[in-house]
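This report goes through one protein model region by region. Please have the structure open while reading.

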Amino acid sequence: MSNDTVFTFGGNAPHSNARQKDKTVVGGKGANLAEMASIGLPVPPGFTIATEECLKYLDQGADFSDKLRADVAEALAHVERTVGKGFGDAADPLLVSVRSGAAVSMPGMMDTVLNLGLNDETVEGLAATSGDERFAWDSYRRFIQMYSDVVLGVDHGLFEEALEIAKEDNDYYADTEMSADDWKSLVAEYKRIVTEEHDAPFPQDPNEQLWGAIRAVFDSWDSERAKIYRRLNDIPHDMGTAVNVQAMVFGNMGETSATGVAFTRDPSTGERAYYGEWLVNAQGEDVVAGIRTPQYLTKAAREAANAKPLSMEEAMPEAYGELARVFDLLERHYRDMQDIEFTVQQGKLWMLQTRSGKRTAKAALKMAVEMVGEGLIDEKTAILRVDPMALDQLLHPTLDPDAPRDVLTSGLPASPGAASGKIVLDADTAEVWANRGEKVILVRVETSPEDIHGMHAAVGILTARGGMTSHAAVVARGMGRPCVSGASQVSIAREGRVLTIGNRELKEGDTITIDGSNGQVMAGEVATIEPELAGDFGVLMEWADKYRRMRVRTNAETEADCRMARQFGAEGIGLCRTEHMFFDADRISLVRQMILAENEAGRRAALDRLLPEQRGDFVKIFEVMVGLPCTIRLLDPPLHEFLPHEDADFVELANATGRDVDQLKRRAGELHEFNPMLGHRGCRLGITYPEIYEMQARAIFEAACEVAKASGEAPVPEIMIPLVATRRELEILKGVVDKAAQEVFAASGTTIEYLVGTMIELPRAALMAGEIAEVGEFFSFGTNDLTQTTLGVSRDDAGRFLTAYVEKGIFARDPFVSLDVDGVGQLVEIAAERGRATRQGIKLGICGEHGGDPASIAFCEKTGLDYVSASPYRVPIARLAAAQASLR
Ligand code: PEP
Ligand code: MG
């Protein structure tokens, strides 16, 4: 039988309905069970109830429809016919398992009930037909415990306690010592517990049991742990789960029975070797639950581990041989590594599940590359197989998975990698301690541009506030520093130089470890392992480069970052944020003098001294990027970000300028803004103080000419004006840049090619892109600001409420992490189209954080952008994602 929402599998089920192959309809487990049955593998017969019944149930909360009840009854009859037993038949009962199975696998997140169909009568039938009374009563007590826990909500600890007491009373050590009569008495005790806790006796009617279990599986979709798992793994909340009801097979029918889980290849190393665990005389849950220590699957693994208990290969050679045959068949069928659950019932192998196995990044790479070699898949499939984000794991040092962890709290995984170091509470201290050779972790409520030197000095950054695009997160990713942001349990008392995390108190100087890949914060030092950029990585990247259309550049502003980005394959700079060069300890004073000057003459005096410094920076960058395009953005942030706050800084500045402190403070006060993100920043600075942009342009051209002369090959500067809203702004500022170029070229006797373009990061700029392209020679989408201004959501404050928005499904993902394609994306499309209409072939790129996000990169491919730009560590991710986007 196959109809709309209930699908049978196994036995003579047709497996012909296309919907039964669709994971969104029947879930991954259901689809694969049917698939395995259809290729002739031994699968216990059963049926799947579609995910849409779950959604209907959760939405309406009402009773199940008559149609569904009838369909289930019919499907159950198929199972009864196939195994020749009756559901609820006191003489020869059919028992079933009831398991969840969503479209995307969520291991361990939802509920399972085994041995369903047992009651006071059928247990006797099971004892008679199996000839094993002990087994029958053991199964019954397992069922009562599991069902009561999952369906009736009775604390399973009560049952475990009762079992412990029974064992103690009998002086037993292991469960295996319990006799049939012992289990019988325990069942009576279990039933008493249920009646007391549940205010009703344990349900004896198998049909009532079945519908109770179905209901519980549906409910488990909305459990807290399932919701959290979905949030962490970007799984949509509106898919629902299917339910799989399947005839039980028993791995606990004595010494010729067993149960196990296995992978067709090693999921942590990728090695081509069967990998798994099994237990003799046990039921599936025993392996997963860790009640008994499982044994090795293969002889080789057992010997490698120096373990005594026999492997399955040795203890059950026949069933093992059959299993190995199934492994190969499944790998060839699915053309991927499979994660399998199986049971051996009295010597006969049964397959309970198969799915593409989860794997580490390292294993994913190895398998993808090797399977191409084996002829199992082609290069394109290999490229599509590896999750670009998983590469992150490979590029940073990671925590040793075997090392113990004392986890203090968790925040957002803002910048991947792990680091251990001493806590420091301000940037200056970070720098001082780092200079004397200490590894430090900078811990701040949140960071600001003033902390840059401390962030650079630190091996890792931890903040109590701020989201994934907070200052700390963006800068840390750019620098390749591990960062955990928004760890709200962290509270800092700067006076005492202490911080508390939950109920633990730590002092400045205490060592902690942060894991920027999962957000964990740990006490003490946790051992790390170095990244390994060995062969497979290089091979896959080469294939990716072969199949991608878009270029990949980097967001970088230091020589070191540029070098690293080139090692990772960057093909130029997509965004050099020049303000980051201003924060250097010896420059900040000059920058402050410039900002606090009372007039243009005062500003120019300071700028004249900054010019050689900037030029020096650009020379270093151009030397690394010789021959490649370099997009350099002129000053963007509001000036007050550079201002001193501490009295000592004002005094120092007063000494340097000969002005008095009060006067400087008054001028600083004048620069205060109520809404700096929408204030005096970006090109507005260039409009009001053109001498700043003039100096920067001059520094760029002088550096470019110098490098061109020295190396014979000129860099290609693309000078970018930020936060443009109108054609006229760009026209005025292009004039400033062009004039500086002419002057430098005349003076140096060298001419180099350059472009002047703009960021598209305001909605008006996107809409007026046709007009702006009359002046601008390229566009780079600043999707951080474009998201902020389109949504009217502050990038620095979004962390406080966006999680709720994602949970409630208002946004599928944080729009500062993954581009809001429907909204912000439209503006990008409009700007691209209008820009191209004015200036055919205008160069288009993206330099917001989204340039390193695979889903956003797919959108960029669709929109036909020429390149994406990402922070250095994201460059390989972007290369792979760009290849996937063009292949898809
Ligand atoms: C942007 O707004 O997307 C951008 C790249 O600029 P910034 O993050 O420096 O504002
Ligand atoms: Mg911006």
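## Helix H7 and the span of the chain

Leu186 is placed in helix H7 (residues 180-198). Helices (H or I, at least four residues) and strands (E, at least two) are DSSP runs, numbered from the N terminus. With 4% relative accessibility, Leu186 counts as buried; buried means under 20% relative accessible area, exposed over 50% and partly exposed in between (1.4 Å probe, protein chains only). Between the C-alpha atoms of Leu186 and Arg839, which are 653 residues apart along the chain, the separation is 82 Å.

## Basis of the values

This is a predicted model, in which local features need pLDDT of at least 70, side-chain atom pairs count only at pLDDT 80 or more, and totals for chains, interfaces and linings use all residues. Residues are numbered from 1 along each chain as its sequence is written, chains are lettered from A and ligands numbered from 1 in the order in which they are written, and side-chain values use heavy atoms, with hydrogens and water left out.

## Domains

The chain is divided into domain 1 (6-247), domain 2 (258-356), domain 3 (396-529) and domain 4 (548-577 + 761-888); these bounds come from an automatic or database domain assignment. The C-alpha centres of domains 1 and 3 are 45 Å apart.

## The second largest pocket

Domain 1 and domain 2 both contribute residues to the lining of the second largest pocket, so the pocket lies between them. Its volume is about 360 Å³. A pocket here is an open set of points on a 1 Å grid over the protein atoms alone, where a 1.4 Å probe fits, with protein on both sides within 12 Å along at least five of seven lines; lining residues have an atom within 4 Å of a point.

Of the 20 lining residues, Val83, Lys85, Met248, Val249 and Gln345 lie nearest the centre of the pocket. Helix H3 (66-83), strand E4 (93-94), helix H4 (122-130) and strand E12 (348-356) each give two or more residues to the lining, and H4 gives the most, with three.

## Magnesium site

Glu761 (OE) and Asp785 (OD) coordinate the magnesium ion (ligand 2) at 2.0 to 2.2 Å. Glu761 lies in the loop between strand E30 (755-760) and helix H29 (763-767), and Asp785 in helix H31 (residues 783-791), so the pair ties together parts that are 24 residues apart in sequence. Both Glu761 and Asp785 are buried. Donors are N, O and S atoms within 2.8 Å of the metal (3.2 Å for Na, K and Ca); water is not among the atoms, so sites may look incomplete.

How values were computed:
Points joined across faces, edges and corners; volume = space filled by probe spheres on them.
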